[in-house]
Amino acid sequence: AQATRANFALAHYSTMRTRLLRDRLGIEMDSSAAGSIKIFESEAAMSGPVALAKLLEPAGLRYELLDPAGAVAIEPQLKPVAGRIHGALYYPDDVV
């Protein structure tokens, strides 16, 4: 758990510094700041990632637990498979 928190802290710091430099220097980047979403088809598949998100939340990880309707609201392309979705984790600060 300690190594996981340290890795997250480094990645979080790097991401924040990159954003700061990008904004300060006016650098154009081909990226999307819409966040990312992880979709799960079962409680068993979702429980580990949820536990990890809760572990990292005090270190600055922002996430939202979503039900199938919430996942579709964020990513409408999931509508055809909504019946297979148990839940989702949405990370609003992710840049891809």
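Author: Start with exposure. Buried means under 20% relative accessible area, exposed means over 50%, and partly exposed lies in between. Keep in mind that this is a predicted model.

Reader: Is aspartate 23 buried or exposed?

Author: Aspartate 23 has a relative accessible area of 55%, so it is exposed. Arginine 22, at 23%, is partly exposed.

Reader: Which side chains do arginine 22 and aspartate 23 form a salt bridge with?

Author: Take the general idea before the case. Side chains of opposite charge can pair when their charged atoms come close. Here, arginine 22 and aspartate 23 meet each other in a salt bridge, at 3.2 Å from N to O.

Reader: How many salt bridges does the structure hold?

Author: Three. Another joins the side chains of glutamate 41 and arginine 84, at 2.9 Å from N to O. Glutamate 41 sits in the loop between E1 and H2, and arginine 84 in the loop between helix H3 (68-74) and E3, so the pair ties together parts 43 residues apart in sequence. Glutamate 41 is exposed at 52% relative accessibility. Arginine 84 is exposed too, at 53%.

Reader: And what do arginine 62 and aspartate 93 do?

Author: Their side chains meet in a salt bridge, at 2.8 Å from N to O. Arginine 62 is in the loop between H2 and E2, while aspartate 93 is in the segment after E3, so this pair ties together parts 31 residues apart in sequence. Arginine 62 is partly exposed, with a relative accessible area of 46%. Aspartate 93 is partly exposed as well, at 23%.

Reader: Now the inside. Which residues make up the largest nonpolar core?

Author: A nonpolar core is a set of buried nonpolar residues joined through side-chain atoms within 4.5 Å. The largest one here has 10 residues: Phe8, Phe40, Met46, Val50, Ala53, Leu56, Leu61, Tyr63, Leu89 and Tyr91. H2 gives the largest share, four residues. A separate core has seven residues, including Leu78, Ile85, Ala88 and Tyr90.

Reader: What does leucine 61 contact, leaving aside neighbours within four places in sequence?

Author: Leucine 61 touches Phe8, Ala53, Leu56 and Tyr91.

Reader: How do I read a helix such as H2?

Author: H2 has 14 residues and reaches 20 Å from first C-alpha to last, close to the 20 Å expected. Its buried residues are Met46, Val50, Ala53 and Leu56. Seen down the axis of H2, they fall within an arc of 120°, so they line one face of the helix. These residues pack against helix H1 (2-25), strand E1 (36-40), strand E2 (64-66) and E3.

Reader: What span does H1 have?

Author: H1 has 24 residues and reaches 34 Å from first C-alpha to last, close to the 34 Å expected. Just after H1, glycine 26 takes a positive phi of about 70°.

Reader: Last, the strands. How does E1 pair with E3?

Author: Look for the direction and the bridges. E1 and E3 pair in the antiparallel sense, over five bridges. Isoleucine 39 has alanine 88 as its bridge partner in E3. E2 and E3 also run antiparallel, joined by three bridges. There, leucine 66 stands opposite alanine 88.

Reader: Which residues of E3 are buried on each side?

Author: Gly87, Leu89 and Tyr91 are buried on one side, Ala88 and Tyr90 on the other. Five of the five residues of E3 are buried.

Note on methods. Residues numbered from 1 in each chain as written. Predicted model: local features only at pLDDT ≥ 70, side-chain atom pairs only at ≥ 80, totals over all residues. Heavy atoms only, no water. Buried < 20%, exposed > 50% of the residue type's maximum accessible area, 1.4 Å probe, protein only. Helix = DSSP H or I, 4+ residues; strand = E, 2+ residues; numbered from the N terminus. Contact = heavy atoms within 4.5 Å. Expected span 1.5 Å × (residues − 1). Arc of directions from axis to C-beta. Salt bridge = Lys/Arg side-chain N within 4 Å of Asp/Glu carboxyl O. Pairing = 2+ DSSP bridges.
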